[in-house]
Amino acid sequence: MAEFEKYAWWNLCVAVGTVVLFAALCIVTRKPAASMAAFSILALSGCPFFRLRPPAADERDREIDRRSTTVAMGFFWLVFVIAGVGPGFALGWDTLVRVPVWAFSQVISAAWIVILAAKSAASIRMYRAG
Amino acid sequence: MPGKGEVVRNNVRRLRFDAGEMTQEQLGKLAGVTRHTIMAIEAGKYDPSLLLAFRIARAFGKTVEDVFIFDSEQLAS
């Protein structure tokens, strides 16, 4: 398995692990604000690059990185548009909603999880396909 | 990237064995890429850049056209 494919697996595990841990904490603590601690493990997504001698990417690695980033941003844009207009259609465009601060913070983390997971999954698929 | 009806085949695997059973790792080092990229090229799953094609050909002491064959009729026939 190529080094950068291992990184993609690592990042996918971090993204999935964060969601699983967050869900578990929500169930156990029943406090979404406290469950935000789960998002701290997202920092692990950078770990593979903190090596003294990180492996050099060759042209295939760079090509896969470029294509998987395009896929991830495309997927994120789709989610972004759905999340942007979905509540308007579901609740009505003039409806007032109160959003707690923790929910606002979670949106930022959720966006990063979507990008990380989509990019990792696309990279793994591209490495498998060649 | 080849278009529809176009295929780039290569003789990398045969040339490696002709070159004293050179390993993919050794060829990768000579060409400046990883073993996995050489594997993908041999399997026909990845078409290298022109620069990498020249490096691989030079590693074997051959021309690019000795290593890579552009076949535009294979799928059409």
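**A walk through two chains**

Guide: Let us begin with a helix of chain B. The buried residues of α3(B) are covered by elements that include α3 (59-91) of chain A, along with β1 (7-10), α1 (12-18) and α2 of chain B. Keep in mind that this is a predicted model.

Visitor: Which residues of α3(B) are buried?

Guide: They are B:His36, B:Thr37, B:Ile38, B:Ala40 and B:Ile41. Just after α3(B) comes B:Gly44, with a positive phi of about 75°.

Visitor: How many residues does each chain bring to the contact between them?

Guide: Chain B brings 11 residues and chain A brings 6 residues. On the chain B side, helix α3 (residues 35-42) gives the most, with 3 residues. That side has 5 nonpolar, 5 polar and 1 charged residues.

Visitor: What makes up chain B as a whole?

Guide: Chain B has 5 helices and 2 strands. Along the sequence the pattern is β-α-α-α-α-α-β. Of its 77 residues, 25% are buried. Among the contacts in chain B with a separation of 6 or more, 55% join residues 24 or more positions apart.

Visitor: Which residues touch the most other members of the largest nonpolar core?

Guide: B:Ala31, B:Ile41 and B:Ile56 do, in a core of 13 residues. The elements giving two or more residues to this core are α2 (24-31), α3 and α4 (50-60) of chain B.

Visitor: What does B:Ala31 contact, leaving aside its neighbours within four places in sequence?

Guide: B:Ala31 is in contact with B:Leu52, B:Arg55, B:Ile56 and B:Ala59.

Visitor: What is the make-up of chain A?

Guide: Chain A has 4 helices and 0 strands. From the N terminus on, the order is α-α-α-α. Its C-alpha atoms fill a box of roughly 50 × 30 × 20 Å along the principal axes. Buried residues are 22% of its 130 residues. Of the contacts in chain A with a separation of 6 or more, 79% are between residues 24 or more positions apart.

Visitor: Which residues of α4(A) are buried, and what covers them?

Guide: The buried ones include A:Ile113, A:Leu116, A:Ala117, A:Lys119 and A:Tyr127. Their cover includes α1 and α3 of chain A. Just after α4(A), A:Gly130 takes a positive phi of about 120°.

Visitor: How do the axes of α1 and α4 of chain A cross?

Guide: Helix α1 (residues 3-29) and helix α4 (residues 101-129) of chain A have axes that come within 8 Å. They cross at roughly 145°. The crossing of α1(A) and α4(A) is left-handed. The residues in this contact include A:Trp9, A:Leu12 and A:Val16 of α1(A), and A:Leu116, A:Ser120 and A:Ile124 of α4(A). By class, the contact has 12 nonpolar, 4 polar and 1 charged residues.

Visitor: Why is A:Arg30 called exposed?

Guide: Count the neighbours. A:Arg30 has 9 other C-beta atoms within 10 Å. A residue is exposed if that count is 12 or fewer. Therefore A:Arg30 is exposed. Its place is in the loop between α1 and α2 (32-35) of chain A. Phi of A:Arg30 is near 60°, a positive value in a residue other than glycine.

Visitor: What makes B:Glu21 count as exposed?

Guide: Use the cut-off again: 12 or fewer. B:Glu21 has 8 C-beta neighbours inside 10 Å, so B:Glu21 counts as exposed. B:Glu21 sits in the loop between α1 and α2 of chain B. Phi of B:Glu21 is near 50°, a positive value in a residue other than glycine.

Notes. Residues numbered from 1 in each chain as written. Chains lettered and ligands numbered in written order. Predicted model: local features only at pLDDT ≥ 70, side-chain atom pairs only at ≥ 80, totals over all residues. Contact = placed C-beta atoms within 7 Å. Nonpolar A, V, L, I, M, F, W, Y, C, P; charged D, E, K, R; others polar. Buried ≥ 20, exposed ≤ 12 C-beta atoms within 10 Å, placed from the backbone. Core = buried A, V, L, I, M, F, W, Y, C linked by C-beta atoms within 7 Å. Axes fitted to C-alpha atoms, helices over the stretch in contact; angles between N-to-C directions. Left-handed = near helix turned anticlockwise from the far one by under 90°.
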